[in-house]
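Morning, everyone. Please have the structure open.

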Amino acid sequence: MTDSSTYVPPAVWQPAPSGGTFANINRPVAGPTHDKALPVGQQPLQLYSLATPNGVKVTIMLEELLALGHAGAEYDAWLIRISEGDQFSSGFVEVNPNSKIPALVDRSVEPPVRVFESGSILLYLAEKFGALLPAEPAARTETLNWLFWQMGSAPYLGGGFGHFYAYAPEKFEYPINRFTMETKRQLDVLDRQLALHPFIAGANYSIADIAIWPWYGALVLNEVYGAAEFLSAHEYTHVMRWARQIAQRPAVLRGRRVNRTWGDEATQVPERHQASDLG
């Protein structure tokens, strides 16, 4: 292995320029950087987000709920430009003190309920509408097993593999090898599960699939990080079958467009306030 590490940690760490794609928004403290209220629309649910994998989970969930006939799942989706620091506004921090998208406010109840962290939002919506989460205890637990698997695993894919492979200002062998190995292990976990079941948690589509697909499904379809060949994604045949199947769901096709500001213009719907915004 090439020895490219010359950094010796100091006795006490101090912030220093690090470069990279997101360097301008990284800081070692929490809280707002500026005063700005969040907009509020007319729909029962107010979503503040961007079409990253974590954001897409929630817009897919909302579109799936609407497709199932849950009119109460109508939502306004407001664009949060994380590269410009919108997530550090006083209004956003009030909804999510962790300053990460997505964040949701349920204004159909009084007082309104804030919900942050994508997994928590999926669980909240599933329970609110009684959909996409089994009621039977064993099946419910299996679904939640995989929901929380995603919450614990994806940081190794995103902040680990994705960062060092795609976004870091310099490429170093050790972190790329370390997180590639873990990402491939995770894909093998999913492939073995999907060899036995049509969907992640069993026979039925659920919030487990909605949570995992925007990360791992998009990864093997070469839609995040451009790393499918590097990871030999074709080897994970069951993940590939599942990824392609989910990608064709009408609600997934709609949800992926919401809060999107890049790529083909036909796929971009920066804000969504009613069903007709998606055509």
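Start with helix H1, residues 53–67, and H6: they pack at an angle of about 140°, with their axes 8 Å apart. This is a predicted model, so local features need pLDDT of at least 70, side-chain atom pairs count only at pLDDT 80 or more, and totals for chains, interfaces and linings use all residues. Residues are numbered from 1 along each chain as its sequence is written, and side-chain values use heavy atoms, with hydrogens and water left out.

A word on terms. Helices (H or I, at least four residues) and strands (E, at least two) are DSSP runs, numbered from the N terminus. Axes are lines fitted to C-alpha atoms, for helices over the stretch in contact, and angles run from 0 to 180 degrees between N-to-C directions.

Back to the pair. H1 and H6 are therefore oblique to each other. The cut-offs: under 35 degrees counts as roughly parallel, over 145 as roughly antiparallel, 65 to 115 as roughly perpendicular, and the rest as oblique. H1 passes H6 in a right-handed crossing. Right-handed means the near helix is turned clockwise from the far one by less than a right angle; left-handed means anticlockwise. On the H1 side, the contact includes Pro-53, Val-56, Ile-60 and Glu-64. On the H6 side, Ile-207, Ile-210, Trp-213 and Trp-215 are among the residues involved. Contact here means heavy atoms within 4.5 Å.

H6 has another partner. H6, residues 207–220, packs with helix H7, residues 237–247, at about 115°, and the axes lie 9 Å apart. These two helices are therefore roughly perpendicular. Here the crossing is left-handed. From H6, the contact draws on residues including Asp-209, Ile-212, Trp-213 and Tyr-216. From H7, Trp-242 and Ile-246 are among the contributors.

Now Glu-64, in helix H1. Is Glu-64 buried or exposed? Buried, because its relative accessibility is 5%. The cut-offs: buried is under 20% relative accessible area, exposed is over 50%, and partly exposed is in between, with a 1.4 Å probe and protein chains only. What do the polar contacts of Glu-64 join? Its side chain meets that of Tyr-205 at 2.7 Å. A further polar contact, of 2.8 Å, joins the Glu-64 side chain to the Arg-249 side chain. A polar contact is a pair of N or O atoms within 3.5 Å; within protein, one must be able to donate a hydrogen and the other to accept it, and residues adjacent in sequence count only if both atoms are side-chain atoms. Leaving out residues up to four places away in sequence, Glu-64 also touches others, including Leu-132 and Val-252.

On to the sheet. It is open, has 4 strands in the order S2-S1-S3-S4, and its pairing is mixed. The edge strands are S2 and S4, each pairing on one side only. Direction ignored, neighbouring strands are turned by 20° against each other on average. Two strands pair if DSSP finds at least two bridges between them.

Take the pairs in turn. S1 and S2 are parallel, over 5 bridges. Leu-47 stands opposite Ala-77 in S2. Leu-47 also stands opposite Leu-104 in S3. S1, residues 45–49, and S3 pair antiparallel over 4 bridges. S3 and S4, residues 113–116, are antiparallel too, joined by 4 bridges. There, Asp-106 has Val-113 as its bridge partner. S3 and S4 make a hairpin with 6 residues between them.

Look along S3, residues 103–106. Ala-103 and Val-105 point one way, Leu-104 and Asp-106 the other, and all are buried. Helix H3, residues 118–129, lies across S1, S3 and S4, at about 130° to S4.

Last stop: Gln-87. Where does Gln-87 sit? In the loop between strand S2, residues 75–79, and helix H2, residues 90–95. Gln-87 is buried, with a relative accessible area of 4%. Its side chain reaches the backbone oxygen of Ile-82 at 3.2 Å.

Gln-87 touches Phe-92, among others. Phe-92 is in helix H2. Phe-92 counts as buried, because its relative accessibility is 0%. Its contacts, not counting residues up to four places away in sequence, include Leu-38, Tyr-48, Ile-101 and Ala-103. That last one brings us back to S3, where Ala-103 sits.
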